Amino acid sequence: MTDQRIPDEPSVQFSEREALLFHSEGRPGKIEIIASKPMATQRDLALAYSPGVAVPVEAIARDPATAYDYTAKGNLVAVISNGTAILGLGNLGALASKPVMEGKAVLFKRFADVDSIDIELKTEDVNRFIDAVELMEPSFGGINLEDIKAPECFIIEQTLRERMNIPVFHDDQHGTAIIVAAGLINALLLTGRTIDQVKVVVNGAGAAAIACTELIKALGVRHDNVVMCDRDGVIYQGREDINQWQSAHATASGVRSLKEALVGADVFLGLSAAGALKGDMVIDMAPAPIIFAMANPTPEILPEEAKTVRPDAIVATGRSDYPNQVNNVLGFPFIFRGALDVRARAINDEMKIAAANAIAELARERVPEEVAVAYGVRHHFGPEYIIPAPFDPRLMEVVSTAVAKAAMDSGVATKPIVDMDAYRATLRARLNPTTAVLTLAYEGARAHPKRVIFAEGEEEVVLRAAIQFKEGGYGTPVLIGRDDVYDRLRALGVDNPEEYEVHNSRHSPLVPRMVDFLYERLQRRGFLRRDMERLINQDRNTFGAVLLQLGVGDAMITGITRTWAHSMREVKRVVDPAPGRTPFGMHILVGQSHTVFIADTTVNERPSPEELADIAIHSAEVARRMGHDPRVAFLSYSTFGNPEGRFLENVRNAVHVLDERGVNFEYEGEMAPDVALNPKQLKNYPFARLSGPANVLIMPGLQSANISAKLLRELGGDDMIGPILVGMEKPVQIAPMTSTASELVTLAVLAAGGITR
Ligand SMILES: NC(=O)C1=CN([C@@H]2O[C@H](COP(=O)(O)OP(=O)(O)OC[C@H]3O[C@@H](n4cnc5c(N)ncnc54)[C@H](OP(=O)(O)O)[C@@H]3O)[C@@H](O)[C@H]2O)C=CC1
Ligand SMILES: CC(=O)C(=O)O
Ligand SMILES: [Mg+2]
């Protein structure tokens with residue numbers, strides 16, 4: 001298979017309006033707190049709060065280490081900033097830094113299941129900042145300092161490290177340095193350079209730049225081979241306006257400008273500001289130059305500009321939409337995971353170097369299929385892939401383990417891990433594969449954009465979904481609606497609504513072909529030709545489904561304006577089940593640590609044993625496509641004949657049908673849901689052929705299935721995807737009428753990506 005090159009222009013595009021909408025929609029902001037213990041009854045409350053809470057209070061007072069057993073401290077990190085160096089945007093104040101800090105908290109959770117809370121401190125006074133953070137020690141297992149400008153950040157971090165007994169880590173310094181080191185190790189390897197020979201120019205002389213320079217020097221770059229610059233040019237010995245941290249890296253050479261410094265340089269490390277590096281500077285660098293332009297959100301130079309003047313360059317940026325993302329997000333979640341898991345007192349140099357080496361090595365290993373699919377390229381170690389992608393599922397296991405081990409070896413772990421293999425398994429279990437698959441489905445859609453018909457193109461929520469779908473780069477929305485759809489798009493902030501494809505049955509040139517198609521299909525099912533004209537002109541589901549059949553789109557989404565059953569009737573007039581298939585509906589319940597697929601929740605009222613078996617087989621396939629090893633339970637109110645009942649035959653026989661067909665997944669039944677899901681209950685049936693709790697639940701009939709799914713959606717705390725429609729000849733999804741725009745986009749992406757076939 002040949003490589004598909006990632007295009008050199010950014011693939012993630014969004015408008016300012018979309019960014020604001022993302023943050024304001026629903027609950028404003030990006031985080032919320034969820035109770036981890038039941039809070040339902042008076043007894044729960046009595047245990048959680050007074051009087052029950054007094055017992056752990058006294059235990060912790062007697063033995064402070066038990067705080068890790070009785071509170072959230074051990075998995076809780078504070079992301080703390082004063083907003084003095086927000087990304088590359090500068091000093092915009094504590095409040096304005098909150099979206100970034102919330103974002104960082106979310107990344108901690110998403111990538112490493114670390115609970116995290118953002119804290120913005122309204123002070124530029126170093127001592128007040130230090131005192132405030134120091135006082136928080138009891139609350140947290142670790143402190144991630146963020147976006148605090150140099151040189152204050154050095155004093156703050158150093159003092160807090162001395163005063164506090166939990167890890168204090170300024171991510172812009174050390175997180176960045178670790179990733180830069182990993183990327184640099186690999187870029188040097190690819191270009192056949194040795195670290196003690198390379199000439200490096202560092203642009204920026206702040207928090208990130210100084211820490212990166214220190215780490216690469218510790219790894220072998222020679223002091224004399226480094227030139228550091230700030231806005232005013234080179235940091236040279238004797239320059240008067242530099243601070244002590246900068247003077248440690250001042251050059252003895254006579255170069256004074258960035259342009260001069262870059263002549264013959266092997267490496268450029270940009271940790272400064274947007275656009276600081278120009279093409280006419282890059283041109284003078286050594287052969288196969290290594291350019292890390294890491295300013296966020298806009299790099300010092302865009303890869304396409306660097307490559308225009310130097311096609312032989314290896315280019316990395318801090319962004320996710322170009323190859324080679326050198327960004328501290330690759331490190332901090334996993335570094336803290338490892339540090340927290342051994343209750344490290346600090347994150348020391350040994351742990352940082354272990355993390356850098358682990359990340360560098362990972363990039364040199366073969367890339368697993370799911371990561372390759374996500375990027376739409378077959379990654380292998382090379383100039384376009386010097387560093388793993390942040391959502392590479394291996395990072396958690398590899399980096400956290402390396403950090404935990406280094407903490408133990410260097411004597412800062414207060415709770416060493418005894419069984420490393422068991423620890424690796426717990427790390428794997430912390431990642432919910434569905435979250436990864438949804439990310440991968442989204443990235444896959446970006447890599448292979450499809451055309452999705454949104455049949456209800458006059459509804460605001462549908463238009464918002466279509467805008468997200470298009471601006472997210474997932475594909476082309478094909479909207480069905482009247483001419484005022486353009487006005488509606490404009491009202492939603494779209495500057496160029498004419499770029500959207502809108503089909504209006506009143507003047508679509510396709511109508512005669514559509515009528516012919518439908519008449520051919522329905523003429524022997526009691527319909528006249530004029531019925532077809534009426535349906536095409538008046539019914540958007542029919543219009544949309546015929547467009548789908550004619551190949552105008554690859555998938556179709558509807559459901560917002562009519563009940564599910566009504567929409568399904570209309571769709572079925574035009575789209576058949578896939579040959580030999582029993583279409584069915586599936587809800588997917590997504591929790592942080594579990595995912596359960598439930599079927600058939602929408603179509604078949606009393607499925608026969610054969611239909612139940614088919615539903616199980618294809619549900620197991622969907623589960624596999626979403627990264628799960630299926631364990632199927634055929635559900636009933638009865639478990640293996642107890643209690644006896646009159647309606648158990650179909651479920652029982654479905655198990656026999658699978659026995660006869662010989663499938664390649666675990667299945668068992670009939671069983672009650674508590675037996676299927678609760679390992680303790682399952683143990684009462686040692687003969688049962690499930691190796692763990694079921695994750696695919698096949699319901700006995702529509703009554704129980706649909707009611708259960710809707711109860712879970714309305715009352716459950718977890719996220720619910722679906723219902724998704726599986727088994728049609730073309731991908732059609734009927735969303736619940738209450739869907740949000742994001743839910744519609746998820747369905748569109750799953751349908752277009754073939755997950756629901
Ligand atoms: N990719 C990643 O993972 C990370 C990227 N960064 C990026 O690095 C940059 C710096 O962050 P941080 O160190 O925290 O901030 P600081 O405020 O501590 O440092 C900023 C430094 O950049 C210098 N600078 C600003 N503009 C220019 C310019 N045009 N030319 C040369 N130097 C310039 C400043 O110099 P002066 O004092 O003269 O103004 C200062 O030395 C930001 O863009 C940030 O987004 C940071 C951390 C991680
Ligand atoms: C990535 C990061 O931490 C920054 O740009 O500040
Ligand atoms: Mg930062």
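Modeller: A helix here is a DSSP run of H or I with at least four residues, a strand is a run of E with at least two, and both are numbered from the N terminus. The model is predicted: local features need pLDDT of at least 70 and side-chain atom pairs pLDDT 80 or more, while totals for chains, interfaces and linings use all residues. Residues are numbered from 1 along each chain as its sequence is written, and chains are lettered from A and ligands numbered from 1 in the order written.

Biologist: What do residues 28-161 contain by way of helix and strand?

Modeller: That span is 40% helix and 12% strand, and its end C-alpha atoms lie 34 Å apart. UniProt lists the span, in an unreviewed entry, as "domain: Malic enzyme N-terminal"; such annotations may be inferred rather than shown by experiment.

Biologist: What makes E1 and E2 a pair?

Modeller: Pairing requires at least two DSSP bridges. Six bridges join E1 to E2 (residues 115-120), and the two strands run parallel. Leu 76 stands opposite Asp 115 in E2. The chain passes from E1 through helix H5 (residues 98-112) to E2 in a right-handed β-α-β crossover; the term applies if the path over the helix runs clockwise with the strands pointing away from the viewer.

Biologist: Which residue of E3 is the bridge partner of Val 77?

Modeller: The partner is Gly 142. E1 and E3 (residues 142-145) are parallel, with four bridges between them.

Biologist: Why is helix H24 described as largely enclosed?

Modeller: Nine of the 10 residues of H24 (residues 540-549) are buried, so the rest of the structure largely encloses H24. The buried residues include Arg 540, Phe 543 and Leu 548. After H24 comes Gly 551, with a positive phi near 85 degrees.

Biologist: Which domains supply the shell around ligand 2?

Modeller: Domain 1 (16-171) and domain 2 (174-431) each give at least three residues; the bounds come from an automatic or database assignment. A residue is near the ligand if its C-beta atom, placed from the backbone, lies within 6 Å. Among the residues around ligand 2 are Leu 87, Asp 147, Asp 171, Asn 296 and Gly 318. By class, the shell has one nonpolar, four polar and three charged residues.

Terms used:
Ala, Val, Leu, Ile, Met, Phe, Trp, Tyr, Cys and Pro count as nonpolar, Asp, Glu, Lys and Arg as charged, and the others, Gly among them, as polar. A residue is buried if 20 or more other C-beta atoms lie within 10 Å of its own, exposed if 12 or fewer, and partly exposed in between; C-beta atoms are placed from the backbone.
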